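Colleague: I would like to learn how to read a structure like this one. Please take me through it feature by feature.

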Amino acid sequence: MNAVHAITSAEEATQKARVSSMLSPRFYSTDYAAMDRINVEPVRQEWDAMMAEYEGDNNHDHFQRTAEFAAEIKTLPPALHDEFIDFLVSSVTSEFSGCVLYNEIAKNVSNPDIKALMRFMARDESRHAGFINQALRDYGLGVDLGGLKRTKAYTYFKPKYIFYAVYLSEKIGYARYITIFRQLERHPELRFHPIFRWFERWCNDEYRHGESFALILRANPHLLRGGNKLWIRFFLLAVYATMYVRDHTRPQLHEAMGFESTAYDFEVFRITTEISKQVFPVMLDTDHPSFRAGLHRLFECAQGMERAKAQGGVMGMLKRGGWAALAAVTYARLYLLPTKSNELPVQVRMAPTW
Ligand SMILES: [Fe+2]
Ligand SMILES: [Fe+2]
């Protein structure tokens with residue numbers, strides 16, 4: 001079954017990006033006054049080295065289209081085309097979500113460390129979003145990013161939730177892009193679109209964005225202790241589960257790259273968990289058989305909800321409620337599975353060696 005809905009116009013692409021659902025990337029707002037009070041003094045040395053990297057801007061010329069780019073675009077089989085477009089629309093939404101959030105923080109704080117960091121990250125995310133949107137425009141499906149900024153709903157998160165959630169999205173973004181890049185480096189015949197050639201240098205930006213949040217968290221160690229460990233578990237599971245369910249609606253996309261969705265996702269979890277040892281005192285045991293089974297159950301619930309929604313009427317509504325309740329129980333069980341604990345290293349930053 002082809003689980004994604006085909007997007008056939010730029011208006012539909014923008015509408016798809018605007019919709020807020022359990023699985024779609026969101027836009028965030030936060031407490032800017034609290035952001036302004038963030039102190040990075042405890043990690044000053046590592047912070048300054050990182051800021052010098054942002055300043056050096058080694059990707060300033062990377063996000064340009066080359067002449068070969070257009071020549072490499074080919075017509076894809078319809079199911080793959082639909083899933084690829086769905087992937088691009090959700091990717092442009094999450095790149096742009098970062099861009100909007102970092103810009104808003106930069107505008108609303110006077111703390112020089114946070115302001116400078118947010119400006120650099122917004123610069124990177126705006127390049128990323130622009131590059132993906134150009135790829136969508138090749139198909140006549142460019143998303144109206146300005147309109148999206150004005151009309152998409154914003155979710156308010158306290159700064160600490162922003163730190164946990166955005167740290168993880170940046171690192172998982174790195175892990176996703178590098179896993180694809182390495183696979184297509186080994187199998188260039190499976191590279192069905194030129195954009196994947198850009199992923200290596202691109203994901204180093206995401207990696208560095210994650211490093212920034214790791215340093216902020218490590219500079220404020222109370223965010224990594226006590227009851228906050230429960231929040232870290234919550235965000236780890238939320239980010240992993242969302243990715244699993246979303247990816248499993250795009251089986252053709254992974255198959256075309258020589259992956260199977262589950263294997264791809266667990267490789268991404270493995271890398272992300274490894275990186276997260278720099279900052280999180282708890283880790284999910286993603287190899288636990290009940291963890292794997294639970295994620296699959298969540299995907300089945302999501303599929304069940306889609307079918308019930310399509311059915312409509314009272315029966316459809318009841319069935320949807322049933323699937324939602326089952327999803328909630330499954331999520332709670334996953335949350336309660338045993339976790340692994342981790343001793344934080346003295347030096348926070350790690351090299352991106354994947
Ligand atoms: Fe990005
Ligand atoms: Fe990023």
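Modeller: The centres of domain 1 and domain 2, taken over C-alpha atoms, are 24 Å apart. Domain bounds come from an automatic or database domain assignment. This is a predicted model, in which local features need pLDDT of at least 70, side-chain atom pairs count only at pLDDT 80 or more, and totals for chains, interfaces and linings use all residues. Residues are numbered from 1 along each chain as its sequence is written, while chains are lettered from A and ligands numbered from 1 in the order in which they are written.

Colleague: How many residues does the contact take from domain 1 and from domain 2?

Modeller: Two residues are in contact if their C-beta atoms, placed from the backbone, lie within 7 Å. Domain 1 gives 13 residues and domain 2 gives 12 residues.

Colleague: Which element gives the most to the side of domain 1 that touches domain 2?

Modeller: Helices (H or I, at least four residues) and strands (E, at least two) are DSSP runs, numbered from the N terminus. H10 gives the most to that side, with 7 residues.

Colleague: What is the phi of Asp 57?

Modeller: Most residues other than glycine have a negative phi. Asp 57 is not a glycine, yet has a positive phi of about 50°. Asp 57 lies in the loop between helix H3 (44–56) and helix H4 (67–72).

Colleague: How many other C-beta atoms lie within 10 Å of Asp 57?

Modeller: A residue is buried with 20 or more other C-beta atoms within 10 Å of its own, exposed with 12 or fewer, and partly exposed in between; C-beta atoms are placed from the backbone. Asp 57 has 13, so Asp 57 is partly exposed.
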